[in-house]
Amino acid sequence: MKKLIVLIGFFMILSLAGCGGSSSSGEKGAEPDDDGSAPFNDDETGDFEVVSDDDFTEPAEEDAAPQTYEEWENAYAKADAQAEQVQAPFVEANTNFGMTLFAKLNERGENIMISPLSISIAMAMTLGGAGNSGTFDELMDFLGYKAAGYDDYMTLNEQFDFLLQSLTYFDKDFELSLANSMWLDDDFRGKVSKTFVNDLKKYYGAGYFVEDFADSKTVGKINSWVNNETNGKITEIIDKIDEDTMMLLLNAVYFRANWMQQVDSEGEIEQGYFVTSSGSRKPAKFFRGMLRERQFYNGPAVRDGMDIRMLAVPFGRWAASIYFFMPWDSDGSVDDMIAEMAENGIGKYFDRVNDAYRDYSEFELPRVRFEYKESVEDDFYGMGLKKPFDDNYGFDGIVKDKLIISEILHNTYFSMDEKGVEASAVTKVDFEVGAGVDGFDPTLFRFDRPFVFAVRDDRTGTLLFIGKVEEPEFD
């Protein structure tokens with residue numbers, strides 16, 4: 001029996017160097033037994049309808065990017081109308097889950113970055129295969145969707161559809177693109193659920209490819225898709241395909257934007273020191289930016305919460321921003337701050353900075369570059385997700401065979417300097433069968449000790465990615 005390995009790759013590239021522009025039935029999983037379980041039942045798959053090549057057509061080509069002022073205004077109106085359909089509980093569930101995972105993965109003294117948007121899409125696509133195996137209900141609860149009032153996959157798919165549509169051409173001053181695809185080994189033609197495949201197409205715009213996984217050329221085709229969809233920033237996701245691999249799901253996100261305000265040129269970069277959580281001083285280079293009439297905050301982040309410095313730097317028409325968070329006191333712990341942000345809900349921190357001062361301010365940021373890689377399936381298990389790893393349950397919404405998740409790997413890269421910011425993220429889900437600072441000027445924000453950064457769609461509140469800088473590590 002072959003394994004089923006679903007590889008969901010997510011790539012987020014953020015460059016501030018200037019740019020141009022379900023189950024469809026709606027039914028939830030089987031009702032749980034008295035002990036809260038609903039194990040895999042072969043009898044429940046009797047009406048399983050498989051997809052054929054004739055059933056699937058490629059998604060329609062996207063409209064050309066707007067060019068004129070009027071075209072962009074129309075695009076803004078369309079994107080913002082979609083954004084208004086994105087419900088706050090849906091965004092809150094995705095954001096809180098992403099922040100909880102971020103806090104869970106955080107380690108003292110280590111750089112980290114994850115992409116909550118990518119993880120949300122990954123888990124939503126995975127949900128589509130949960131079927132009646134008993135895995136669906138647990139996943140919905142684990143991801144926070146049940147508590148948010150969602151109990152069927154149709155409604156969830158519609159929310160993701162609104163969100164993805166709202167992120168299309170919503171600001172001419174930066175570029176954001178998303179792409180999904182499904183790759184199936186030709187040995188498995190006629191075995192995969194038609195509903196699963198068509199839902200990925202309808203709600204996530206996924207392309208459908210059937211290839212010979214034993215042919216080494218298939219690796220090149222998959223990597224070529226990745227390279228094209230990330231504008232050449234990610235050139236390779238796999239170097240081979242395991243002989244037991246049945247299917248791969250890929251998602252790519254590309255984001256490129258410019259600062260609204262000019263930063264100093266490379267010749268005026270300041271040499272200084274970055275003080276780590278351990279108290280060691282690391283040589284670093286800082287660049288300065290200027291803000292006018294934009295929110296910043298110094299003080300208690302929430303009632304009885306930690307004193308914190310917060311700054312929001314907008315992109316384009318202020319539809320999205322990058323946020324920075326750092327403890328007020330030089331001896332404050334960034335890790336304690338992250339734990340409190342997760343406990344309080346990070347949305348309260350965004351609200352506080354956006355309701356705060358609107359005045360002239362300057363900021364100084366270090367050049368930063370680091371990579372992060374972590375298998376998170378044990379963390380998911382520790383957070384309460386059990387059935388996707390238990391071969392008594394599985395994902396019968398994809399194939400009739402019993403499937404389990406064997407690995408969830410998240411790999412990210414982050415770089416920031418005076419020219420811009422660049423970030424990438426890759427998430428792989430495998431399925432298989434059977435510093436000390438002297439007094440701050442209140443309008444000068446110098447981030448020379450550990451801090452948190454986050455990029456957010458400010459219209460819906462969707463968190464695109466979040467990370468912590470412990471050491472700049474810039475060559």
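A charge sits over a ring if NZ of Lys or CZ of Arg is within 6 Å of the ring centre and within 35 degrees of the ring normal. The model is predicted: local features need pLDDT of at least 70, side-chain atom pairs count only at pLDDT 80 or more, and totals for chains, interfaces and linings use all residues. Residues are numbered from 1 along each chain as its sequence is written, and side-chain values use heavy atoms, without hydrogens and water.

**View A. Arginines over aromatic faces.** Arg-317 lies over the face of Tyr-76, 4.1 Å from the ring centre. Arg-446 lies over the face of Phe-286, also at 4.1 Å from the ring centre.

**View B. The Trp-72 and Tyr-76 pair.** Rings of Phe, Tyr and Trp (its six-membered ring) pair if their centres lie within 6.5 Å; planes under 30 degrees apart count as stacked, over 60 as edge-to-face and the rest as tilted. The count comes to 21 aromatic pairs. Trp-72 and Tyr-76 have ring centres 5.7 Å apart and planes at 45 degrees, so this pair is tilted. Both residues are buried (under 20% relative accessible area, 1.4 Å probe, protein chains only).

**View C. An aromatic cluster.** Ring pairs link Phe-90, Tyr-145, Tyr-150, Phe-160 and Tyr-204.

**View D. The largest cavity.** A cavity is a set of points on a 1 Å grid over the protein atoms alone where a 1.4 Å probe fits but cannot get out; lining residues have an atom within 4 Å of a point. The volume, the space filled by probe spheres set on the points, is about 70 Å³. Its lining includes Val-91, Asn-94, Phe-160 and Leu-463.

Key:
1 Å grid on protein atoms, 1.4 Å probe; cavity = no way out; pocket = protein on both sides within 12 Å on 5 of 7 lines; lining within 4 Å. Buried < 20%, exposed > 50% of the residue type's maximum accessible area, 1.4 Å probe, protein only.
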